[in-house]
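This report describes the fold, the helix packing and the pockets of one protein model. The sequence and structure are shown first, and the description follows.

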Amino acid sequence: MATIFPFLWFNTQAEEARDFYLSVFRNTKKLGSTEVPDWVSGTNRTVPIGTYDFALEDLRLRTFNAGPGDGFNDAVSFFVETRDQAETDYYWEALTSGGGSERACGWLRDKFGVNWQVCPEITLRLIGDPDRKKAERTLQAMYKMRKIIIADLEAAYGG
């Protein structure tokens, strides 16, 4: 049976990115690495081409040092569904730390350029409510946010 998992191409920061993600998430595991006898050059450093496997919350990933590539874009991202505001705040702060950037509607880009959406689980329930007026008020409130604030969504939902 085939195995499918995300594969993230980095210039020279694959190991650093893996270690960053392992530090952010709580249920993590290093799964191994492979370095090949060739080198890639990045800003002021040369590193071996290699892969670094790990798991975040039971999702297996692989990072890869391979020199300049196409980079990450908005078409693919990781969705972090949170239980409450404290968890939302934690992941938002952790993933934007060290040079990440905030974006609209719970989206952010981490310091490596990888896109994430940190979204409380209640968000999709509120914006998907069959009462379209409540859902629309919630959606309009979310459009004005960067980090999702649950109390503000609930206030908009309630009218």
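A crossing of two helices is called right-handed if the near helix is turned clockwise from the far one by less than a right angle, and left-handed if it is turned anticlockwise. The model to which this term is applied below is a predicted one.

**Overall architecture**

The protein contains 5 helices and 8 strands. Read from the N terminus, these elements follow the order β-α-β-β-β-β-α-β-β-β-α-α-α. Along the principal axes, the C-alpha atoms occupy a box of roughly 60 × 35 × 25 Å.

**Helix packing**

Two helix pairs are described here. In the pairing of helix H1 (residues 14–24) with H2, the axes lie 10 Å apart and the packing angle is about 160 degrees. Angles over 145 degrees count as roughly antiparallel, and H1 is therefore roughly antiparallel to H2. The crossing of H1 past H2 is right-handed. On the H1 side, the contact is formed by Phe 20, Ser 23 and Val 24, which meet Tyr 90, Tyr 91, Ala 94 and Leu 95 of H2. By class, this contact between H1 and H2 comprises 6 nonpolar residues, 1 polar residue and no charged residues.

The other pair consists of helix H4 (residues 132–143) and helix H5 (residues 150–158), whose axes come within 7 Å and cross at roughly 145 degrees. H4 also passes H5 in a right-handed crossing. Here Lys 134, Arg 137, Thr 138, Ala 141 and Met 142 of H4 meet Asp 152, Leu 153, Ala 156, Tyr 157 and Gly 158 of H5. The contact of H4 with H5 divides into 5 nonpolar, 2 polar and 3 charged residues.

**Pockets**

| Pocket | Volume | Lining by class |
|---|---|---|
| Largest pocket | about 240 Å³ | 9 nonpolar, 1 polar and 3 charged residues |
| Second largest pocket | about 150 Å³ | 7 nonpolar, 3 polar and no charged residues |

The largest pocket, with its volume of about 240 Å³, is lined by 13 residues, of which Phe 25, Leu 56, Glu 57, Phe 79 and Val 80 are the closest to its centre. Strand E4 (59–65), strand E5 (78–82) and helix H2 (85–96) are the elements that each give two or more residues to this lining. The largest share, 5 residues, comes from E5.

The lining of the second largest pocket consists of Pro 6, Phe 7, Leu 8, Phe 72, Asn 73, Val 76, Ser 77, Phe 78, Val 114 and Asn 115. No charged residue is found in the lining of this second pocket, whereas the lining of the largest pocket includes 3 charged residues.

Definitions and conventions:
Residues are numbered from 1 along each chain as its sequence is written. This is a predicted model: local features need pLDDT of at least 70, side-chain atom pairs count only at pLDDT 80 or more; totals for chains, interfaces and linings use all residues. Side-chain values use heavy atoms; hydrogens and water are left out. On a 1 Å grid over the protein atoms alone, a cavity is a set of points where a 1.4 Å probe fits but cannot get out, and a pocket is an open set with protein on both sides within 12 Å along at least five of seven lines; lining residues have an atom within 4 Å of a point. Grid points are joined across faces, edges and corners, and a volume is the space filled by probe spheres set on the points. Helices (H or I, at least four residues) and strands (E, at least two) are DSSP runs, numbered from the N terminus. Ala, Val, Leu, Ile, Met, Phe, Trp, Tyr, Cys and Pro count as nonpolar, Asp, Glu, Lys and Arg as charged, and the others, Gly among them, as polar. Axes are lines fitted to C-alpha atoms, for helices over the stretch in contact, and angles run from 0 to 180 degrees between N-to-C directions. Angles under 35 degrees count as roughly parallel, over 145 as roughly antiparallel, 65 to 115 as roughly perpendicular and the rest as oblique. Contact means heavy atoms within 4.5 Å.
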